[in-house]
Amino acid sequence: MTLQTRMQAMVLGRAGAPLEHRELPVPEPAAGEVLLRVLACGVCRTDLHILDGELEAPKLPLVPGHEIVGQVVRAGARVEGIAPGSRVGVPWLGWTCGRCRYCLRGAENLCSFARFTGYTIDGGYADYACADARYCFPIPGRYTPAEAAPLLCAGLIGYRALRIAREALAFPLRRLGLYGFGAAAHLIAQLAAAEGMDVYAFTREQDIEGQAFARRIGAKWAGPSGARPPRELDAALLFAPVGRLVIEALRSVDKGGAVVAAGIHMSEIPAFPYALLWGERTLRSVANLERRDGTAFLDRAPQVPIRTTVRVYPLHAANEALSALRSGQLEGAAVLVPESSVA
Ligand SMILES: [Zn+2]
Ligand SMILES: [Zn+2]
């Protein structure tokens, strides 16, 4: 592999502005890091929240992107167990301190000093990226880089949300609602169906195509987010960043059921009557991921097998991919592939 010194990247200069195409130096891996040639990078709703300034204090200028599938070019000092040439995935959780009270109790996802890929560390909207080797995952062989990319956030966070919903119930989860049928829901619907659950998919009001897509993927029922499902749900996962949906989900969930909000940001939740929460319903959020979620999910995904539906965009079309995500036009997930990886 010829070593390049310059790379193409899509860069956020300031919140609210579109990404700019820039040529940057290829980053140098620090001790503990690997340098990756980016083969594909997924586009996540969190990227929109960063671009829109809804998440505080991103690194600026910033290379976004936290669903990176890359090939290891070389390793910095003190990296063990990752050989050059191997294919790894880089998720949102990029580094944790290992010492704060959250880390010490085994909740690295809540680390007070955590660093996040494509937010406080440069991410994968580029030809190359560096990542702490301890936070990278091996990628299952059955997936192409573009197919694997959405597993790294949409898949992982969806998996964690499903695990937390199950843990919140005092009975087996049989009827699962998914609000917002995008990248995460289309992956978790397959896992849930394979495990014998009935999946109820909720989309934007007029999104007939999205509802048809959900049924094709294995949903037993699909309808608009304001509709009541034919049966009361045991649990609902919220992937759409719309506060009103918390209330819709609580209305659809049975006594003893759980509503889990999986997004990092959501519009304000309107006031609602206590009766919707009463009946021992649980309402909680999911924050970030633990590495064990990644390991467990990436083991499970090829067994199902979970199939990813992706729309591939060249790296320089990142702004287009982001607007398609914003407007809800995507079926499945958008993935950026650098021109250097297409050739
Ligand atoms: Zn910590
Ligand atoms: Zn994400």
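## A guided look at the predicted model

Helix α4 (residues 154–168) lies across β13, β14 and β15, and runs at about 150° to β14.

Student: Which sheet do β13, β14 and β15 belong to, and what is the order of its strands?

Tutor: Good place to begin! These strands sit in an open sheet of 6 strands with parallel pairing. From one strand to the next, the twist averages 20°. Reading across the sheet, the order is β12-β11-β10-β13-β14-β15.

Student: Which are the edge strands?

Tutor: An edge strand pairs on one side only. In the order of this open sheet, β12 and β15 stand at the two ends. The edge strands are therefore β12 (221–224) and β15 (282–285).

Student: Which residue is the bridge partner of L238 in β14?

Tutor: Strands of a sheet pair through backbone hydrogen bonds, either parallel or antiparallel. Here β13 (residues 233–238) and β14 (residues 253–261) run parallel, joined by 5 bridges. L238 has as its bridge partner in β14 the residue A261.

Student: At about what angle to β11 does helix α5 run?

Tutor: Helix α5 (residues 183–194) lies across β10 (175–179), β11 (198–203) and β13. Against β11, the angle is about 165°.

Student: How many Å separate the centres of domain 1 and domain 2?

Tutor: The protein chain is divided into domain 1 (6–150 + 309–342) and domain 2 (155–285). Their contact takes 13 residues from domain 1 and 13 residues from domain 2. On the side of domain 1 that touches domain 2, the largest share, 3 residues, comes from helix α1 (residues 45–51). Taken over C-alpha atoms, the separation of the two centres is 27 Å.

Student: Why does the radius of gyration of the protein chain agree with a compact globule?

Tutor: The C-alpha trace spans about 60 × 45 × 40 Å along its principal axes, and 49% of the 343 residues count as buried. A compact globule with 343 residues would have a radius of gyration near 20 Å. The protein chain agrees because its own value is 20 Å.

How values were computed: Residues numbered from 1 in each chain as written. Chains lettered and ligands numbered in written order. Predicted model: local features only at pLDDT ≥ 70, side-chain atom pairs only at ≥ 80, totals over all residues. Rg over C-alpha atoms; globule rule 2.2 N^0.38 Å. Buried ≥ 20, exposed ≤ 12 C-beta atoms within 10 Å, placed from the backbone. Helix = DSSP H or I, 4+ residues; strand = E, 2+ residues; numbered from the N terminus. Axes fitted to C-alpha atoms, helices over the stretch in contact; angles between N-to-C directions. Contact = placed C-beta atoms within 7 Å. Domains from an automatic or database assignment.
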